[in-house]
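Dear colleague,

Please find below a structure that I am handing over to you, together with its sequence. My notes on what was found in it follow directly after.

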Amino acid sequence: NSYGAPKITKDGVTVAKSIDFSNPLENVGAQLIRAVASKTNDQAGDGTTTASVLSLEIFTEGVEKVAGGLNPMDLWRGINKGVEAVVGELKNLTRPVESKEQIRQVATVSANNDIEIGTLISDAMERVGREGVITCETEKI
């Protein structure tokens, strides 16, 4: 923020949205990272910082390889093969979250390890069911 107190966050989307460069070319890169973080947030709900860092590394290494003579299409095909392999392995490692305790554990991690908030979320999930919607509002003091 250009005003007020600094914002403390571990959320990749929030960080990506706050970065704005005066150089138009640098800003294109920032916009790409914002898009990666937003898409990750929409599809997975977490991992935005990891996705942003991976994007930067893939870009940096890719530019280096292309500058060294690698065909950009070969690079693109290689990245896609790598993505397919990683996604396949992640699907193999996936475990369903079913019990109230498992939901509480996931919610606690998502709430920056705040057990009280994790418990509130798991209680709310139990009430509304798997397909239910939970709405949170900020209380005005």
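**Helix packing**

Helix H2 and helix H3 cross in a right-handed manner (a crossing is right-handed if the near helix is turned clockwise from the far one by less than a right angle, and left-handed if anticlockwise). The model is a predicted one, in which local features need pLDDT of at least 70 and side-chain atom pairs count only at pLDDT 80 or more, while totals for chains, interfaces and linings use all residues. Residues are numbered from 1 along each chain as its sequence is written, and side-chain values use heavy atoms, with hydrogens and water left out.

H2 covers residues 24–44 and H3 covers residues 48–67; their axes lie 8 Å apart, at an angle of about 145°. Axes are lines fitted to C-alpha atoms, for helices over the stretch in contact, and angles run from 0 to 180 degrees between N-to-C directions. Helices (H or I, at least four residues) are DSSP runs, numbered from the N terminus.

On the H2 side, the contact (heavy atoms within 4.5 Å) is made by Ile33, Val36, Ala37, Thr40 and Asn41, and on the H3 side by Thr48, Ala51, Ser52, Ser55 and Leu56. By class, five of these residues are nonpolar, five are polar and none is charged. Here Ala, Val, Leu, Ile, Met, Phe, Trp, Tyr, Cys and Pro count as nonpolar, Asp, Glu, Lys and Arg as charged, and the others, Gly among them, as polar.

Thr48 is buried, with a relative accessible area of 5% (buried means under 20%, exposed over 50%, and partly exposed in between, with a 1.4 Å probe and protein chains only). Leaving aside neighbours within four places in sequence, Thr48 is in contact with Asp11, Gly12 and Val13, and also with Ala37, Thr40 and Asn41. Ser52 is likewise buried, at 13%, and touches Ile33, Val36 and Ala37, not counting residues up to four places away in sequence.

**Pockets**

The largest pocket holds about 1,100 Å³ of space. A pocket is an open set of points on a 1 Å grid over the protein atoms alone, where a 1.4 Å probe fits, with protein on both sides within 12 Å along at least five of seven lines; lining residues have an atom within 4 Å of a point. Grid points are joined across faces, edges and corners, and a volume is the space filled by probe spheres set on the points.

Of the 26 residues that line the largest pocket, Val36, Ala51, Leu54, Ser55 and Ile58 lie nearest its centre. H2, H3 and helix H4 (72–93) are the elements that give two or more residues to this lining. Its residues comprise 16 nonpolar, eight polar and two charged.

The second largest pocket has a volume of about 530 Å³. Its lining has 16 residues, and Asp11, Gly45, Asp46, Ser110 and Asn112 are the closest to the centre. At least two lining residues come from each of H2, H3 and helix H5 (100–110). By class, this lining has three nonpolar, 10 polar and three charged residues.

**The loop between H5 and H6**

Asn112 is found in the loop between H5 and helix H6 (115–128). Its phi is near 55°, a positive value in a residue other than glycine, and Asn112 is exposed, with a relative accessible area of 53%. Asn113 lies in this loop between H5 and H6, has a positive phi of about 65° although it is not a glycine, and counts as exposed at 56% relative accessibility.

With kind regards
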